[in-house]
Amino acid sequence: MDTQLLDDILSCPTLPTLPSVAIRVLELTADPDVKMEELAQEIQYDQGIAAKILRTVNSSFFGLRRRCSSIEHALVMLGLGPVKSLVLGFSLVQTVSGENGDGFDYQQYWKRCLVSAIAAKYAAEQTGNKDIVDEAFLVGLFQDIGMIAMHRALGEEYTKVLEQTGGDHTKLAKLELSEFENQHSSIGAMICERWKMPYEIIIPVRYHDRATACPMEYGQIARCVGLGN
């Protein structure tokens, strides 16, 4: 591993940063006895995320007879797992955005992340293990965050590697290792750790493209994400 290059990537000033409200929600939802009132108060600090959660609860999917206007009521309806998924998902969209012409295909990036996350969640549901469903979805969303980091730190060098894949994501890790002695899965896991995410997300992110090598404790999540991919 090229440790100097790794340091350069992780110290890049334009690396994605997770909003403070998302980090706080992660901390609170780690406690199964957290009070919804406290969680709602934290989420209300970010008006954009609060509005999106209310929009989600009031969507036709829930079919409410009366419009929900309270964040606390919305959180009670959703439950801790979905709340965490929504807050982190909305936060990721905020932090991962780019300008046209910077050499990175953000539309394709988001298409892959969303389809993979939904497929990973479905795969997790089929296992019958309810405890991994939300984590599988989140790992699907966050699995390629290392690509954003490498692109922002390395610029055209990384763009050339992406072009060499010809759009085949399965070729990316091998090309990254050959060119940089680092790969986006490892860098993504380091970023998730920096964001203080739980190991249920960090470890499968690290092994999302080689699920059979994932430590047994987190292997089922990694395999669901691998299947989703």
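**Helix 5 and its surroundings**

Mentor: In helix 5, which spans residues 71-78, the buried residues are Ile-71, Ala-74, Leu-75 and Leu-78. Viewed down the axis of helix 5, these buried residues fall within an arc of 100 degrees, so they line one face of the helix. The general rule behind such a pattern is that an α-helix has 3.6 residues a turn, so residues three or four places apart point the same way. Keep in mind that this is a predicted model.

The cover over the buried residues of helix 5 includes helix 3 (36-43), helix 4 (47-57) and helix 6 (80-95). Now look at the two ends. After helix 5 comes Gly-79, which has a positive phi, near 95 degrees.

Helix 6, named above as part of the cover, also holds Lys-84. Lys-84 has a relative accessibility of 11%, and because buried means under 20%, Lys-84 counts as buried. Apart from residues up to four places away in sequence, Lys-84 touches Leu-26, Thr-29, Glu-135 and Leu-138. With one of these, Glu-135, the side chain of Lys-84 forms a polar contact of 3.2 Å. Asp-7 is 77 residues from Lys-84 in sequence, and their C-alpha atoms are 30 Å apart in space.

Arg-112 lies in helix 7 and is buried, at 17% relative accessible area. Its side chain makes a polar contact of 2.7 Å with the side chain of Asp-144. Leaving out neighbours within four places in sequence, Arg-112 is in contact with Gln-143, Asp-144, His-169 and Asn-229.

Thr-127 is also found in helix 7, but at 36% relative accessibility Thr-127 counts as partly exposed. Not counting residues up to four places away in sequence, Thr-127 touches Ile-132, Gln-220 and Cys-224. Between Thr-127 and Tyr-207 there are 19 Å in space, C-alpha to C-alpha, and the two are 80 residues apart in sequence.

A pair of helices comes next. The axes of helix 9 (residues 145-154) and helix 12 (residues 184-194) come within 7 Å and cross at roughly 100 degrees. That angle makes helix 9 roughly perpendicular to helix 12. On the helix 9 side, Ile-145, Gly-146, Met-147, Ala-149 and Met-150 take part, and they meet His-184, Ile-187, Gly-188 and Ile-191 of helix 12. The residues of this contact divide into six nonpolar, three polar and no charged.

Finally, consider the loops on either side of helix 12. Glu-181 is in the loop between helix 11 (172-180) and helix 12. Its phi is near 60 degrees, which is positive although Glu-181 is not a glycine. With 44% relative accessibility, Glu-181 counts as partly exposed. Lys-196 is in the loop between helix 12 and helix 13 (199-206). Lys-196 has a positive phi too, near 65 degrees, and is likewise a residue other than glycine. At 59% relative accessible area, Lys-196 is exposed.

Methods. Residues are numbered from 1 along each chain as its sequence is written. This is a predicted model: local features need pLDDT of at least 70, side-chain atom pairs count only at pLDDT 80 or more; totals for chains, interfaces and linings use all residues. Side-chain values use heavy atoms; hydrogens and water are left out. Buried means under 20% relative accessible area, exposed over 50%, partly exposed in between (1.4 Å probe, protein chains only). Helices (H or I, at least four residues) and strands (E, at least two) are DSSP runs, numbered from the N terminus. The arc is that of the directions from the helix axis to the C-beta atoms. Contact means heavy atoms within 4.5 Å. Axes are lines fitted to C-alpha atoms, for helices over the stretch in contact, and angles run from 0 to 180 degrees between N-to-C directions. Angles under 35 degrees count as roughly parallel, over 145 as roughly antiparallel, 65 to 115 as roughly perpendicular and the rest as oblique. Ala, Val, Leu, Ile, Met, Phe, Trp, Tyr, Cys and Pro count as nonpolar, Asp, Glu, Lys and Arg as charged, and the others, Gly among them, as polar. A polar contact is a pair of N or O atoms within 3.5 Å; within protein, one must be able to donate a hydrogen and the other to accept it, and residues adjacent in sequence count only if both atoms are side-chain atoms.
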